[in-house]
Amino acid sequence: MDLIPSFTVDHTKIIPGIFTSRIDTIGDNLVTTYDIRVTRPNKEPGVDVAAMHSLEHIIATYLRNDPDWKDEVIYWGPMGCLTGFYLILKGNRPPKEIHDLVLRAFRSVKDSEDVPGATAENCGNYALHNLGMAKWYAAKFADYLAENAENADIFEYPKTERLVTEDGRQFFDS
């Protein structure tokens, strides 16, 4: 079985940032999946599950209501490893072009007085939310994005080369 593209990135070198994970063509349209990496994989703990769930609800609501972007947003959701989120947008923009959108989305969390859709009628696990911790993670990541806006490293996956043996085994260069 082929390794899916997101598993071919050297996670020991990823830092928090905004990266292009993949670009797909659906019909005549391009769709881009962005890796919004909030914590450093395997070096920092993943985001608290309840906080991650709250961030998913708050930021998805923000993105789908942003007047300039709502028609471009296809999906916002957490990574299973709890180190970040996937944002899927119509089109194909370099990660730096969505920096302001992502920064505003994370900054918007501080103004949340509740978690949208956190009711039994609207959510499959409505009791699993932590607004206070969501605000803490969002503020930390927003500050990081603001401080590193000119740092090209937060917009490009680390470069690694994989050596492939004759029998198909893959090895990182590091």
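**Exercise 1. The surface**

What does the accessible surface of the protein come to, and what percentage of it belongs to carbon and sulfur atoms?

*Solution.* The model is predicted: local features need pLDDT of at least 70, side-chain atom pairs count only at pLDDT 80 or more, and totals for chains, interfaces and linings use all residues. Residues are numbered from 1 along each chain as its sequence is written, and side-chain values use heavy atoms, with hydrogens and water left out. Accessible areas come from the Shrake-Rupley method with a 1.4 Å probe; for residues, only the protein chains shown count as cover. The surface comes to about 9800 Å². Carbon and sulfur atoms hold 51% of that.

**Exercise 2. Overall dimensions**

Find how the radius of gyration relates to the globule rule.

*Solution.* Start with the rule: 2.2 Å times the number of residues to the power 0.38, with the radius taken over C-alpha atoms. For 174 residues, a compact globule would have a radius near 16 Å. The protein has 17 Å, which agrees. Next, the box: along the principal axes, the C-alpha atoms fill roughly 55 × 40 × 35 Å. Then burial: 40% of the 174 residues are buried (under 20% relative accessible area; exposed is over 50%, partly exposed in between; 1.4 Å probe, protein chains only).

**Exercise 3. Elements and sheet**

List the elements, then work out the strand order of the four-stranded sheet.

*Solution.* Helices (H or I, at least four residues) and strands (E, at least two) are DSSP runs, numbered from the N terminus. The protein has three helices and six strands. Their run from the N terminus is β-β-α-β-β-α-α-β-β. Four strands form an open antiparallel sheet, ordered β1-β2-β4-β3. At its edges lie β1 (17-26) and β3 (73-78), each pairing on one side only. Two strands pair if DSSP finds at least two bridges between them. Between β1 and β2 (residues 29-37) there are nine bridges, in the antiparallel sense.

**Exercise 4. Histidine 99**

Is histidine 99 buried or exposed, and which residues does it touch?

*Solution.* Locate it: histidine 99 is in helix α2 (residues 99-108). Check its cover: the relative accessible area is 10%, so histidine 99 is buried. List its contacts (heavy atoms within 4.5 Å). Leaving out residues up to four places away in sequence, histidine 99 touches Ile18, Leu145, Ala146, Ala149, Ile154 and Phe155. Last, the side chain of histidine 99 reaches the backbone oxygen of leucine 145 at 3.0 Å.

How values were computed
A polar contact is a pair of N or O atoms within 3.5 Å; within protein, one must be able to donate a hydrogen and the other to accept it, and residues adjacent in sequence count only if both atoms are side-chain atoms.
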